[in-house]
Amino acid sequence: MLLSGRMRRGNDTELAMPESSTAAFLEIVTGRRGHFRLESGHHGGLWLDLDDLFAEPGRIDPFVAALTAALQPFEVSAVCGPLLGGAFLAQLIARALAVDFCFTERTSPADRDGLYQVRYRLPPAFVPRLRGKRIAMVDDVMSAGSALRGTYAELQAHGAVPVVAGALLVLGSAGSSFFADRAVPVEGVARDDYDQWVPDACQLCAAGLPLEDVAGPPA
């Protein structure tokens, strides 16, 4: 099972969903099944297209409010999210918490082989504002956690103190395990299982399914 959930959009797949928060989130995103190379370098069988997630802000207000409430006890001074969706989410939460907002931008190395090769960079204007500050990192969806891992490394490199990570939907345990190993709590409004593989152990590769790179280098 790649994801337990009912998706009304995308490929019209309908499955049983035990958690109402996850079901509600999947109602508003487009999903399709196949064989995908993810940003982290892992392979997965489900792709969620999140480009229009913030097009109608009212649809996600309950999720944003829930994540904001979960992050409030951490007493952060700023909220940081990776472009694109994470940055939109970070801005909404920062405003609700009355703290600073910042974002990171994705950069890809020339050699994209291997896992977690993508990097995220802070715009220079944010660097002096964040040094020594407690930061919440957020993204719309976290699975392997490539974008939040990159944001975490970049914040630390500039003297900021990431104290919590959050997402509207947390898929699987790979991203959460990375932060747990570093004593950084992960707050998720919704959670579900998600199967992903390193390329050499990918069950979809073994089945001969064509691979689609859905997280190619940025323009």
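Two strands count as paired if DSSP finds at least two bridges between them. With that in hand, here are some close-ups of this predicted model.

**View 1. Strand β3 and its partner β10.**
Two bridges join β3 to strand β10 (residues 196–197), and the strands run antiparallel. If you look for the residue across from His 43, you'll land on Trp 197, its bridge partner in β10. His 43 itself sits in β3, which covers residues 43–49.

**View 2. The hairpin of β2 and β3.**
On another side of the story, β3 also pairs with strand β2 (residues 30–37), antiparallel again, over six bridges. Phe 36 stands opposite Gly 44 of β3. Five residues lie between the strands of this hairpin, and Gly 41 takes a positive phi near 100° there. As for cover, β3 is mostly tucked away, with five of its seven residues buried.

**View 3. What surrounds His 43.**
Is His 43 buried or exposed? Its relative accessibility is 5%, so His 43 counts as buried. Its side chain makes a polar contact of 3.2 Å with the side chain of His 35. Leaving aside residues up to four places away in sequence, His 43 touches His 35, Phe 36 and Arg 37, then Gln 196, Trp 197 and Pro 199, and finally Cys 202, Cys 205 and Leu 211.

**View 4. Leu 53 in the largest nonpolar core.**
This core holds 35 residues, and Leu 53, Val 79 and Ile 93 are the ones that touch the most other members. Two or more residues come from each of α1 (20–26), β3, α2 (57–71), α3 (85–97), β7 (134–142) and β8 (161–171). Another core, of 23 residues, lies apart from it and includes Val 127, Leu 148, Ala 165 and Ala 167. In soluble globular proteins, nonpolar side chains tend to be buried together. Back at Leu 53, the residues it touches, not counting those up to four places away in sequence, are Phe 25, Ile 28, Val 29, Arg 59, Ile 60, Asp 140 and Leu 168.

**View 5. Helix α2, end to end.**
Where does α2 bend? The bend is at Phe 63, by about 30°. The end C-alpha atoms of α2 are 20 Å apart, which agrees with the 21 Å that its 15 residues should span at 1.5 Å a residue.

Definitions and conventions. Residues are numbered from 1 along each chain as its sequence is written. This is a predicted model: local features need pLDDT of at least 70, side-chain atom pairs count only at pLDDT 80 or more; totals for chains, interfaces and linings use all residues. Side-chain values use heavy atoms; hydrogens and water are left out. Helices (H or I, at least four residues) and strands (E, at least two) are DSSP runs, numbered from the N terminus. Buried means under 20% relative accessible area, exposed over 50%, partly exposed in between (1.4 Å probe, protein chains only). A polar contact is a pair of N or O atoms within 3.5 Å; within protein, one must be able to donate a hydrogen and the other to accept it, and residues adjacent in sequence count only if both atoms are side-chain atoms. Contact means heavy atoms within 4.5 Å. A nonpolar core is a set of buried Ala, Val, Leu, Ile, Met, Phe, Trp, Tyr and Cys residues joined through side-chain atoms within 4.5 Å. The expected span of a helix is 1.5 Å times one less than its number of residues. The bend at a residue is the angle between axes fitted to the seven residues ending there and the seven starting there.
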